[in-house]
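Q: I am new to this structure and would like to learn how to read it feature by feature. Could we go through it slowly?

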Amino acid sequence: MSEIRYSQDHEWVKLDGDTVTIGITHYAQEQLGDVVFVELPAVGKQVEKGNELAVVESVKAASDVYAPITGEVVEVNSALVDAPATINEDALGKGWFAKLKIADKGQLAGLMDEAAYKKFVEGLH
């Protein structure tokens with residue numbers, strides 16, 4: 001599964017072997033506005049699905065980024081600390097937050113594919 005999956009909290013997940021890369025969606029960054037600060041998790045931290053993974057602050061608000069799956073943080077995108085606007089510029093690419101060693105690949109089945117996520121977002125308006 002190389003496709004991106006999405007949570008109802010507007011995070012995206014991309015699987016690569018037993019590791020997932022996590023970020024926020026384009027829709028989420030649009031809702032936040034200009035991102036001015038990012039707090040990333042520590043490498044080695046165990047995160048549980050649905051719990052806080054990171055914090056994003058924008059000119060509008062501060063928001064938690066939730067872990068869409070359970071796992072151990074194996075890498076963080078430290079470039080975001082100095083350049084948080086990268087999230088606005090490339091939310092689905094260079095704006096990723098963390099990589100987790102996935103604890104249970106079965107949790108991916110609970111996430112939406114792109115078509116389902118688009119329909120979900122359309123239903124928010």
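A: Let us begin with a pair of charged side chains: Glu3 and Arg5 form a salt bridge, with their closest N and O atoms 3.1 Å apart (the term requires a side-chain nitrogen of Lys or Arg within 4 Å of a carboxyl oxygen of Asp or Glu). This is a predicted model, in which local features need pLDDT of at least 70 and side-chain atom pairs count only at pLDDT 80 or more, while totals for chains, interfaces and linings use all residues. Residues are numbered from 1 along each chain as its sequence is written, and side-chain values use heavy atoms, with hydrogens and water left out.

Q: Is Arg5 buried or exposed?

A: Arg5 is buried, because its relative accessible area is 15%, whereas Glu3 is partly exposed at 40% (buried is under 20%, exposed over 50%, and partly exposed in between, with a 1.4 Å probe and protein chains only).

Q: Which residue forms a salt bridge with Lys101, and which parts does the pair tie together?

A: Side chains of opposite charge can pair when their charged atoms come close. Here Lys101 pairs with Asp18, the closest N and O atoms being 3.6 Å apart. Lys101 lies in strand S9 (residues 98-102) and Asp18 in the loop between S2 and strand S3 (19-24), so the pair ties together parts that are 83 residues apart in sequence (strands are DSSP runs of E with at least two residues, helices runs of H or I with at least four, numbered from the N terminus).

Q: In what order do the strands of the open sheet stand?

A: Strands of a sheet pair through backbone hydrogen bonds, either parallel or antiparallel. In this model 6 strands form an open sheet in the order S1-S2-S3-S9-S8-S5, with antiparallel pairing (two strands pair if DSSP finds at least two bridges between them). Strand S1 (4-6) and strand S5 (46-47) stand at the edges, each with a single partner strand, so one side of each is left without a neighbour in the sheet. S1 pairs with strand S2 (residues 11-16) over 3 bridges, and the bridge partner of Arg5 in S2 is Val13.

Q: What do Glu114 and Lys118 show about helix H4?

A: Both residues lie in helix H4, 4 residues apart, which is about one turn of the helix, and their side chains meet in a salt bridge (3.5 Å, N to O). Glu114 is partly exposed at 44% relative accessibility, and Lys118 is partly exposed at 48%.
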